[in-house]
Each structure stands twice: as C-alpha cells, then as structure tokens.
Amino acid sequence: MTKEQEDLLLKEGKMLPVMEHFYTIQGEGFHAGKAAYFIRLGGCDVGCHWCDVKESWDPTLHPLMEAETIAETAAKYCKTIVLTGGEPLMWNLEILTSKLKELGCTIHIETSGAYPMSGHLDWITLSPKKTGLPLEDIYQKASELKMIIFNNNDFKFAQEQQAKTNDQCVLYLQSEWSKRDAMYPKITDFILEHPEWRSSIQTHKYLNIP
Ligand SMILES: C[S@@+](CC[C@H](N)C(=O)[O-])C[C@H]1O[C@@H](n2cnc3c(N)ncnc32)[C@H](O)[C@@H]1O
Ligand SMILES: Nc1nc2[nH]cc(C(=O)O)c2c(=O)[nH]1
Ligand code: SF4
Ligand SMILES: [Mg+2]
C-alpha cells in the first residue's frame, strides 16, 4: 500500500493505528469499577511530560487495523467501549463508532479535546492539557471533566476549565500518578472546600490490571 493510499484510509477513518485493545475494568472517573473494552489508538502530539503512555505518541509504531474489524472484536467482549490513546480524536472515528453503534455498544471517549470531535460518542471524558488546550466546542458537550493535578497551579487551571463546562458535567480531580502521595492530601482539602468536585484515583494501577 502506498503512503497516499494509507493516508486516504486514515482520513476516511476506514483504518486506524491501534496500539492495543483489551477487556478490563474502567479505573478512573465516573465509570470507575465498570467492565469495559478499551481501544487504545496510537498517536498524540499534546506532549504531557508526565504522560503514562508515551509509547503511544508515534502513530507509525502502531499497526493499522480496519475500523469495522476492531469494532466487531470489541463488541464480542463487552457493549461498553472506551476509546482512548494516545489522543483518539486525532483520527476520524465515524466508521469505528457507526459500526460500534450498529453492534449495540455504548461509546465512551477519553480525550484532551485538542482535536475536533468525530463519530458518535455517548460519554465524553474531557481531560484538558495546558500544552494543547481543548477546542471550544467540546466543553459544552463534555459529560465529565477530569483534571490531572501535578502541582499546586493545577487547581486554578481546573477551576478555569470548570467555568467553561456545562452544568451537568461531573467534575474530577486526579493526581498525576507519581505525585499521588503529595497531591491527594491537597486534593482532599480542595474538595472539602469545593464539594462540587470529586476525587478520581487510578484504581487499575492498584489492582494491577491493564
Ligand atoms: C493516557 S490519556 C489518553 C487519552 C487522552 N489523550 C487524554 O489525555 O485524555 C488517558 C487519561 O489518563 C490521564 N493520565 C495520563 N497520564 C497520567 C498520569 N501520569 N497520572 C494520572 N493520569 C494520567 C489523562 O489525563 C487522561 O485522563
Ligand atoms: N483500567 C484502565 N482504566 C483506564 N481509564 C482511562 C485509561 C486510559 O489510559 O485512557 C485507562 C487504562 O489505561 N486502564
Ligand atoms: S494528551 Fe493524553 S496521551 Fe497525549 S500526552 Fe497528554 S496524557 Fe498522554
Ligand atoms: Mg491508562
């Protein structure tokens, strides 16, 4: 396949770079504890220095899979699907999500919001990043705002991002993993002061599941 043919298939969303796909329990946020089939797409240029999946960043390292085939595989395991990455919105999710909907799935997405939305999404977990801010229109569509707290400045950033979301959006603070001992006491104090927020803990990392 030529580079041009490959680029066209990606543009149309017929093929997607898939880093991994796996059946697990959602470890974070509003749906934590729920069985879900994760599809992790390759590629991200937002550049969070603390990213816990930096190996996803270069999309050329991940095999192209047919979107409909990924959907059929995932739906065999579970009807709750989490699209993640990497940055899944780098890609055209129309074909993947149309097939998943045809197969009766509910589709969640984990996204920085730094790329335009595509596809049919039932639950949007928006996790804004200073190095690649969300595009304006996703804020009002976000089901859940999940702010990663690396240092004290991130509390102010969280409130700035909160101000742009809709009133129904559920609000989470999640410590950056390596800073959890230092930051969760501060997150606790913040939430007691601002009870509209909830804490999110990466439970899968404690359960040693993917
Ligand atoms: C790996 S990202 C992939 C999806 C998308 N690129 C995003 O950032 O939302 C999935 C989730 O993990 C969070 N995350 C990434 N690295 C983390 C870390 N070191 N500690 C805590 N959360 C992290 C992100 O903020 C996001 O909510
Ligand atoms: N179990 C589990 N839950 C998750 N929630 C968000 C994840 C992600 O990397 O997008 C993730 C993940 O990687 N594993
Ligand atoms: S946007 Fe998500 S995948 Fe990209 S670097 Fe940041 S945390 Fe990692
Ligand atoms: Mg993860």
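Predicted model: local features only at pLDDT ≥ 70, side-chain atom pairs only at ≥ 80, totals over all residues.
## Ground rules

Residues are numbered from 1 along each chain as its sequence is written, and chains are lettered from A and ligands numbered from 1 in the order in which they are written.

## Ligand 1

Start with ligand 1. It is surrounded by 21 residues, and the closest are W50, G86, S127, K129 and E176. A residue counts as near a molecule or strand if one of its heavy atoms lies within 4 Å of it. By class, the shell has five nonpolar, nine polar and seven charged residues. Here Ala, Val, Leu, Ile, Met, Phe, Trp, Tyr, Cys and Pro count as nonpolar, Asp, Glu, Lys and Arg as charged, and the others, Gly among them, as polar.

A backbone N or O atom of G86 is 2.8 Å from a nitrogen atom of ligand 1. A side-chain N or O atom of Q174 lies 3.1 Å from a nitrogen atom of ligand 1. For a side-chain N or O atom of E87, the distance to a nitrogen atom of the ligand is 3.3 Å. The protein buries 94% of the 540 Å² that ligand 1 exposes when taken alone. Such accessible areas come from the Shrake-Rupley method with a 1.4 Å probe; for residues, only the protein chains shown count as cover.

Which elements give two or more residues to the shell around ligand 1? They are β5 (106–111), β7 (144–149) and β8 (170–175). Helices (H or I, at least four residues) and strands (E, at least two) are DSSP runs, numbered from the N terminus.

## Ligand 2

The shell around ligand 2 is made of T24, I25, Q26, G27, E28, F38, R40, T84, E110, H204 and P210. By class, that is three nonpolar, five polar and three charged residues.

What lies 2.6 Å from an oxygen atom of ligand 2? A polar side-chain atom of T84 does. Backbone atoms take part too. An N or O atom of the P210 backbone is 2.8 Å from a nitrogen atom of ligand 2. For a backbone N or O atom of G27, the distance to a nitrogen atom of the ligand is 3.0 Å. On its own, ligand 2 has 320 Å² of accessible area, and the protein covers 91% of it. The elements giving two or more residues to this shell are β1 (15–25) and β2 (35–41).

Around ligand 3 are C44, V46, G47, C48, C51, W57, G86, S112 and K129. This shell has five nonpolar, three polar and one charged residues.

Where does ligand 3 sit? It sits in the largest pocket. Ligand 2 sits in the largest pocket, and the space taken by ligand 1 is the largest pocket. The search uses a 1 Å grid over the protein atoms alone: a cavity is a set of points where a 1.4 Å probe fits but cannot get out, and a pocket is an open set with protein on both sides within 12 Å along at least five of seven lines; lining residues have an atom within 4 Å of a point. A molecule sits in a cavity or pocket if more than half of its atoms lie within 2 Å of its grid points.

## Residues in strand β1

T24 is in strand β1. Is T24 buried or exposed? T24 counts as buried because its relative accessibility is 7%. Buried means under 20% relative accessible area, exposed over 50%, and partly exposed in between (1.4 Å probe, protein chains only). The T24 side chain reaches the backbone oxygen of P210 at 3.0 Å.

M15 is also placed in strand β1. M15 is buried, at 13% relative accessible area. M15 and F38 are 23 residues apart along the chain, and their C-alpha atoms are separated by 17 Å.

## Backbone details

G86 is in the loop between β4 (80–84) and α3 (94–102). The peptide bond from G85 to G86 is cis, with omega near 20°.

N208 is in the segment after α6. N208 is not a glycine, yet it has a positive phi of about 55°. N208 counts as exposed because its relative accessibility is 70%. I209 is in the segment after α6 (203–207). I209 is partly exposed, with a relative accessible area of 28%. I209 and Y23 are 186 residues apart in sequence, and their C-alpha atoms are 9.9 Å apart in space.

Methods:
Heavy atoms only, no water. Polar contact = N/O pair within 3.5 Å; in protein donor to acceptor, adjacent residues only side chain to side chain.
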